[in-house]
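Hi,

Here is the structure I promised to pass on. Have a look at it first, and then read my notes below.

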Amino acid sequence: MRMHSGNGPHEEMDRRAIACFDQALEDVGLTTGEPLRQVLHDYFAWVTTTAMARYPESADDVPEGLSIPLWSWDGLQR
């Protein structure tokens, strides 16, 4: 998490990263509408825009022992 923190807000980069990830899913043959593609897209979009964007000011803001919540076929697991 620290590796992705402290870089300031970067919404445009997030959108581009998600678009690249979606293209990679297509490149390996996962077409729109396939459940696996949707779950992978949803996870990547969530982790990019939420979990990894949570500490934009400084990597030092990331709490010790922080873990990323689990994701499943049903989405975010708390």
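Before the notes, one term: contact here means heavy atoms within 4.5 Å. Also keep in mind that this is a predicted model.

Let's start with helix 1, which runs over residues 11–27. Its 17 residues reach 24 Å from the first C-alpha to the last, close to the 24 Å expected at 1.5 Å a residue. The buried residues of this helix are D14, I18, D22 and L25. They span an arc of only 75° around the axis, so they sit on the same side of helix 1. What do they pack against? The partner of these buried residues is helix 2. Turn to the other side of helix 1 and you'll find M13, R16, C20 and D27, which are exposed.

Now for what follows. Just after helix 1, G29 has a positive phi of about 100°. G33 is in the loop that leads from helix 1 to helix 2 (35–51). Is G33 buried or exposed? Its relative accessibility is 66%, and exposed means over 50%, so G33 counts as exposed.

Last, helix 2 itself. L36 lies in this helix and counts as partly exposed because its relative accessibility is 36%. Together with L40 and W73, L36 makes a nonpolar surface patch of about 300 Å².

Cheers

Notes: Residues numbered from 1 in each chain as written. Predicted model: local features only at pLDDT ≥ 70, side-chain atom pairs only at ≥ 80, totals over all residues. Heavy atoms only, no water. Helix = DSSP H or I, 4+ residues; strand = E, 2+ residues; numbered from the N terminus. Buried < 20%, exposed > 50% of the residue type's maximum accessible area, 1.4 Å probe, protein only. Patch = residues over 30% accessible without salt bridge, like charges linked within 9 Å, V, L, I, M, F, W, Y side chains within 5 Å. Areas by Shrake-Rupley, 256 points an atom, 1.4 Å probe, with all protein chains shown as cover. Salt bridge = Lys/Arg side-chain N within 4 Å of Asp/Glu carboxyl O. Expected span 1.5 Å × (residues − 1). Arc of directions from axis to C-beta.
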